[in-house]
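Me: I'm new to looking at protein models. Could you walk me through this one with some questions and answers?

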Amino acid sequence: MPPKLYYPNADELRAYTLRFHGPPVPVKEGLWFQQHQAALLSLANTDYGRDLLCLDPRSQRPETITRLTKNLCSYYLGQQNGRHYWATDGRVGAKWGNVIRSRWLEVNAALEQHRARLYLGRLLKLPRLRLADGRVLWPVAGGITTTAFPDPDPETTTVDGDIGRNSVNESFALIRSGVANLVRPSGTLVASHLGSNVTSSNYFAMFRFCALFDFSAIEDINTKESATYEIVVQTKADGFAPAGSVSLVTTTPASNTDLVAGDYAQFGTTKQADDKTVASITADNVTYNAWTMNATGLTNISLTTVSKFGNRTAYDTDNAEPTWTSDVSSGITVMPTAETTGTGKDPKTVLIHSAATFVPRVTIF
Amino acid sequence: MQTDYKVARMTRHDDGRVEVVARVYEGDVTTELEPSLDGRGLPVPVTRYRRTRFLRTVTLSLPDLPLAATEAQVRRRLNDELKKDTTRTPIVEQV
């Protein structure tokens, strides 16, 4: 049986003819998926792309798609114990070949947009272009990435650490609104969790983590494009029902370079990013766990002064007591701070911004 | 006496330039009581490197760092900065 063929548009035929110096012929399925893999993956990892290509929506399969062929779709599950894991959805028939063929006009239009984005992205990543005659062409401004870390003790500008109410035996309301009795601005390992006691309906510990970042060296005229808040986690626990999550919130400690007990009450309840479920947090003491900031979070990154964020359990943020279970915890039970030696595990915020002089934008009709 | 650095800020420009601001400290390995992490929070002796004093800020950019420098290249360059100190020993993680 001859292979199934695509029927490319005139532009594709022309490109194919130019490249291979042969007659314009339809392209074989396998070759087509190979040639268009980058744009296909870019499309497949969007909500619209998932819908268009009949893939599971991101609400059901949040993993990134790393390979798409006419009958295979691979999802990247992550890294554990130094090994990478994927899940592959394989079909006997050429499901995605058939879907793309039947929705060719829509798919082709979407791929055109994603090709343009990929080409622009590559252009911006190029250090510089050297022309054939030796002249150097510098790319236009845009897409600058600045990563900021809190200072270790002795702090210069920013601090990180946890503030907790520990070794108590009291209700959720009291432990949440009480006075902190353990503050670790200079601890190498800290926490952000809720722990229950053995006494029914009572809790033993509640910790909140605070981290400050200094982006004030960036010119205030820059445009903030996106940001992620990232931490490494050593151990976690998820002992309550409903299952736990960790929120990213703003903080307002009394000092930028130290933490005190009163800062326990200086944690906001407005979420600066979607909560991260404890189940989705990688606790291998190596991998960074990222909260992608929403518009509110991005607004709270200051280019003139210190930006102040922190973590608390979603039970704590939402003031929603979980179903009490004896002697369990939920949240981040151990995480490294900027106090650790080396530079690979410090909490960080990654801000992508662009100089206001000229920001390229592509409008595709 | 030992010395180490911590990166405070790293910027990757769209033209490939990398700017790094690092802070250099002096300290030593000491044993002090710290709250335990077993949930009780009781003080236990912990032996580790502790910074005692901020020394200086180091800013690296072109030509200290190559275009599109990798994090390994940045670390090597910062390790070289620590070696310039003749009175202090770099911590083992940053030799």
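This is a predicted model: local features need pLDDT of at least 70, side-chain atom pairs count only at pLDDT 80 or more; totals for chains, interfaces and linings use all residues.

Me: Let's start with where the chains meet. Which element gives the most to the side of chain B that touches chain A?

Reply: In all, 28 residues of chain B are in contact with 36 residues of chain A. On the chain B side, the elements that give two or more residues are β1 (2–12), β2 (18–35) and β3 (43–60). With eight residues, the one that gives the most is β1(B).

Me: Which residue in β1(B) is the bridge partner of T145(A)?

Reply: Strand β6 of chain A covers residues 144–148, and four bridges join this strand to β1(B). The two strands run antiparallel. Look for T145(A), and you'll find that its bridge partner in β1(B) is R12(B).

Me: Now for the peptide bonds. What is omega for the cis bond between A241(A) and P242(A)?

Reply: To find the spot, go to the loop between β12 (235–238) and β13 (245–250) of chain A, where P242(A) lies. A cis peptide bond joins A241(A) to this proline, and omega there is about -5°.

Me: Chain B has a cis bond joining L62(B) and P63(B); what is its omega?

Reply: Here you want the loop between β3 and α1 (71–83) of chain B, which is where P63(B) is found. The cis peptide bond joins L62(B) and P63(B), with an omega of about 0°.

Me: S167(A) has a positive phi although it isn't a glycine. Why does it count as partly exposed?

Reply: S167(A), with its phi of about 55°, sits in the loop between β7 (160–165) and α7 (172–177) of chain A. A residue is buried with 20 or more other C-beta atoms within 10 Å, and exposed with 12 or fewer. S167(A) has 16 of them, so it falls in between and is partly exposed.

Me: What about N285(A): how many other C-beta atoms does it have within 10 Å?

Reply: N285(A) is found in the loop between β14 (276–277) and β15 (288–292) of chain A. It has a positive phi of about 65° although it is not a glycine. N285(A) is partly exposed, and its number of other C-beta atoms within 10 Å is 14.

Conventions: Residues are numbered from 1 along each chain as its sequence is written. Chains are lettered from A and ligands numbered from 1 in the order in which they are written. Two residues are in contact if their C-beta atoms, placed from the backbone, lie within 7 Å. Two strands pair if DSSP finds at least two bridges between them.
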